[in-house]
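Please look through the sequence and the model below before reading on. The paragraphs that follow go from one part of the chain to another.

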Amino acid sequence: MYNTYIVHLQANGKSNRTIHEYINYVKQMLNYIGKPEKEITIDDLEDWRSSITYLSTNSQRLQIAAVKSYFRFLMQYGVIDTNPAEGMVSPIPKAKEKACPKSWMLRAMVENAPTCRDKAMILMFATTGLRFDELTNIKLSQYLNMEGESHREITIIGKGSKPRKVYVNDETKAAIDEYLKNRNTDSDILFASHQGNHIKNNNFNQALKSIAKKAGIPFWKDVTAHWLRVSFATIKASENTPLNYIQAALGHSSIKTTMRYIKNSQEDINNIMSKTSF
């Protein structure tokens, strides 16, 4: 019967790997229950299902899918009169933890940055909300000759060739100055690779994930340069910064886009709802 089932799976477009896994899972189920297919009841299947609850949710769902597929096949070919697996329910996968930024996460990343350059870049992203290309295209001369009354403003060219000014705060400036003292390139790019070239987005994102993991951020795999930009918007909003200010800092043409950048955790929502405002 297995050979016919394999042909059935092939006809339904299943890959060789999936077919191999389905056959193995069905055999394991039948060995556990120890009855012919015609005698298996929903109670038997539920007993088997309880025996695999130690597995991850995805593994359980895959095994249950294989068993349900097998009994549908048996029903279709008249091997069984009723389908005991029809009502069997797969476990609901756990919701993925939202990559909602918190102030402590950014501070932990700054403290765990392995190099002066990485520390300075993290601070620059998190305090200005710059895009990756905007930050990595800043020239060294722009930084050394900052504009404005306090000499802390850098003019960058954003999307749509729109210029805007970003402000470099005290902590970020101190980190950049420390980085410049130690860097080993005469590149005209402010934040350059060790070879003096533009930093690649993928390489920097991989470095950020490593830093985030070391910093104890639970969703460290989701941390990227863009996440730092989102963090800027989210944390500024939590500090009651007017949305139009955040919009201007991010260089958005629409405030609706800015609102999509602002993330709210369930904890934040619970705190708001816990307060009686009347």
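**Helices in contact**

Helix 5, made of residues 103-112, and helix 6, made of residues 116-128, have axes that come within 8 Å and cross at roughly 160°. The model shown here is a predicted one. An angle over 145 degrees counts as roughly antiparallel, and helix 5 and helix 6 are therefore roughly antiparallel to each other. Their crossing is left-handed. On the side of helix 5, the residues that meet helix 6 are Leu106, Met109 and Val110. Helix 6 brings Lys119, Ile122, Leu123 and Ala126 to this contact. Sorted by class, the contact of helix 5 with helix 6 has six nonpolar residues, no polar ones and one charged one.

Helix 5 also packs against helix 11, at an angle of about 135° and with the two axes 10 Å apart. Helix 5 and helix 11 are therefore oblique to each other. The crossing of helix 5 with helix 11 is left-handed. Which residues of helix 5 and helix 11 meet? From helix 5 they are Ser103, Met105, Leu106 and Met109, and from helix 11 they are Trp227, Leu228, Ser231 and Ile235. This contact of helix 5 with helix 11 divides by class into six nonpolar, two polar and no charged residues. Leu106 and Met109 are named in the contact with helix 6 and also in the contact with helix 11.

Ser231 can be looked at on its own. This residue is found in helix 11. Is Ser231 buried or exposed? Its relative accessibility is 0%, so Ser231 counts as buried. Leaving out residues up to four places away in sequence, Ser231 touches Pro101 and Leu106. Leu106 belongs to helix 5, where it takes part in the contact with helix 11.

Another pair is formed by helix 2, residues 16-33, and helix 3, residues 42-50, which pack at an angle of about 110° with their axes 10 Å apart. Angles of 65 to 115 degrees count as roughly perpendicular, so helix 2 is roughly perpendicular to helix 3. Helix 2 makes the contact through Met29, Tyr32 and Ile33, and helix 3 through Asp44, Leu45, Asp47 and Trp48. Five of the residues in the contact of helix 2 with helix 3 are nonpolar, none is polar and two are charged.

Tyr25 lies in helix 2. With a relative accessibility of 16%, Tyr25 counts as buried, because the limit for buried is under 20%. Apart from neighbours within four places in sequence, Tyr25 is in contact with Leu62, Gln63 and Ala66.

Gln63, one of these partners of Tyr25, is found in helix 4, which covers residues 57-76. Gln63 has a relative accessibility of 8% and so counts as buried too. What does Gln63 contact, apart from its neighbours within four places in sequence? The residues are Tyr25, Gln28, Trp48, Ile52 and Leu55.

**Two loop residues**

His151 lies in the loop between helix 8, residues 140-144, and strand 1, residues 153-157. His151 has a positive phi of about 55°, although it is not a glycine. The relative accessible area of His151 is 53%, so this residue is exposed.

Asn240 is found in the loop between helix 11, residues 225-238, and helix 12, residues 243-250. Asn240 is not a glycine either, yet it has a positive phi of about 65°. Asn240 is exposed, because its relative accessible area is 68%.

**The chain as a whole**

The secondary structure of the protein chain comes to 14 helices and two strands. Its radius of gyration is 28 Å, while the globule rule gives 19 Å for 278 residues, so the chain is more spread out than a compact globule. Taken along the principal axes, the C-alpha atoms fill a box of roughly 85 × 60 × 35 Å.

How much of the chain is buried? Of the 278 residues, 40% count as buried. Among contacts in the protein chain with a separation of 6 or more, 57% are between residues 24 or more positions apart.

Conventions: Residues are numbered from 1 along each chain as its sequence is written. This is a predicted model: local features need pLDDT of at least 70, side-chain atom pairs count only at pLDDT 80 or more; totals for chains, interfaces and linings use all residues. Side-chain values use heavy atoms; hydrogens and water are left out. Helices (H or I, at least four residues) and strands (E, at least two) are DSSP runs, numbered from the N terminus. Buried means under 20% relative accessible area, exposed over 50%, partly exposed in between (1.4 Å probe, protein chains only). Contact means heavy atoms within 4.5 Å. Axes are lines fitted to C-alpha atoms, for helices over the stretch in contact, and angles run from 0 to 180 degrees between N-to-C directions. Angles under 35 degrees count as roughly parallel, over 145 as roughly antiparallel, 65 to 115 as roughly perpendicular and the rest as oblique. A crossing is left-handed if the near helix is turned anticlockwise from the far one by less than a right angle, and right-handed if clockwise. Ala, Val, Leu, Ile, Met, Phe, Trp, Tyr, Cys and Pro count as nonpolar, Asp, Glu, Lys and Arg as charged, and the others, Gly among them, as polar. The radius of gyration is taken over C-alpha atoms; the globule rule is 2.2 Å times the number of residues to the power 0.38.
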